[in-house]
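Have the viewer ready and follow along.

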Amino acid sequence: MENEKIKKLHVHKRNPQDAFLGNDILINPKDFPDVVLRDILEIHHSDSDNSRLLLQVTTVTGEFQQKDTISIEHSIASSFHLKPYNNVVVKKVDPKAVALDLVELLFKDQYFSRSDFWRLRDSLSNTCAYLNMKLEAYDMRIQDNAIFLKRRKSTNGVINSDTRMSSEMWDFDLYGDLYIEKAVDGFLTDLFAKWKEQNCLHDVTIVLFSRTFYEAQYIEEFPVFMRDCLQVDYMGRFYEDFYR
């Protein structure tokens with residue numbers, strides 16, 4: 001393709017004390033005159049079947065001056081089996097084409113309020129995410145546990161305003177409507193219109209949840225302390241809901 005470029009791959013170690021070396025990818029602006037801040041680049045070896053890495057350009061200063069070369073943070077390069085000092089194919093891609101459907105975030109021993117989740121979502125919007133990526137934002141430590149692109153598990157992609165935190169929102173109801181459409185375009189729209197008509201103000205609380213299905217046939221297969229929390233769906237599957 002016309003916008004594909006062949007570059008030599010170098011790697012660098014992340015240095016939190018150095019703003020320049022804190023970037024996931026470093027490029028020479030002279031080699032990529034059409035690339036600007038926040039553009040998405042796809043990187044892969046031409047002879048490899050491994051997943052293609054997507055990274056967002058977060059610096060275009062002239063500090064990186066090596067010609068026909070890019071540098072990727074070494075742990076990311078290793079995770080995607082990108083070999084240093086080998087040629088890689090680099091291509092600018094449309095963020096909409098690689099937008100994620102769902103991102104599953106993992107956190108432990110931390111409490112997040114609704115406002116924390118709002119700030120986190122805002123900070124992640126229009127950024128790249130890759131599997132097992134560790135994030136730190138607003139004193140929150142989070143890891144990407146699973147991501148889905150075009151309804152299939154993926155290794156990386158772009159988080160945008162349509163990326164969801166719950167896959168159940170993409171399920172269909174008995175009438176063929178998506179739950180996300182019923183919530184946003186149906187219930188909430190009608191509710192806000194009614195409030196406006198009556199000239200009143202209220203708060204809406206949205207509860208985030210995840211549903212875990214267990215591979216079991218009988219309730220006796222579970223420890224006693226779990227049994228009170230389990231439910232059974234219409235297909236006879238045992239599941240448990242976790243709310244925040």
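In which sense do strand S3 and S6 pair, and over how many bridges? Strand S3 (residues 40–44) and S6 pair in the antiparallel sense, over 5 bridges; strands count as paired if DSSP finds at least two bridges between them. To place a residue on that pairing, look at His44, whose bridge partner in S6 is Val89.

Before going further, a word on the ground rules. This is a predicted model, where local features need pLDDT of at least 70 and side-chain atom pairs count only at pLDDT 80 or more, while totals for chains, interfaces and linings use all residues. Residues are numbered from 1 along each chain as its sequence is written, and side-chain values use heavy atoms, with hydrogens and water left out.

Back to S6. Strand S1 (residues 4–12) also pairs with S6 in the antiparallel sense, over 5 bridges, and here Lys7 has Val88 as its bridge partner in S6. Strand S6 covers residues 87–93, and because 5 of its 7 residues are buried, S6 is largely enclosed by the rest of the structure. Buried means under 20% relative accessible area, exposed means over 50%, and partly exposed lies in between (1.4 Å probe, protein chains only).

The UniProt record, an unreviewed entry, places the feature "domain: IML1 N-terminal double psi beta-barrel" at residues 5–92. UniProt positions are given in the numbering used here, feature names are shortened, and annotations may be inferred rather than shown by experiment. Over residues 5–92 the chain is 7% helix and 35% strand, with the end C-alpha atoms 9 Å apart. Helices (H or I, at least four residues) and strands (E, at least two) are DSSP runs, numbered from the N terminus.

Now move on to helix H3, at residues 179–197. Its 19 residues reach 25 Å from first C-alpha to last, close to the 27 Å expected at 1.5 Å a residue, where the expected span is 1.5 Å times one less than the number of residues. Residues buried in H3 include Leu188 and Trp195. Following H3 comes Asn199, with a positive phi near 55°.

What about the cysteines? Cys128 is buried at 12% relative accessible area, whereas Cys229 is partly exposed at 42% relative accessibility.

Finally, zoom out. The protein chain has 4 helices and 15 strands, and 36% of its 244 residues count as buried. Its C-alpha trace spans about 60 × 55 × 40 Å along the principal axes.
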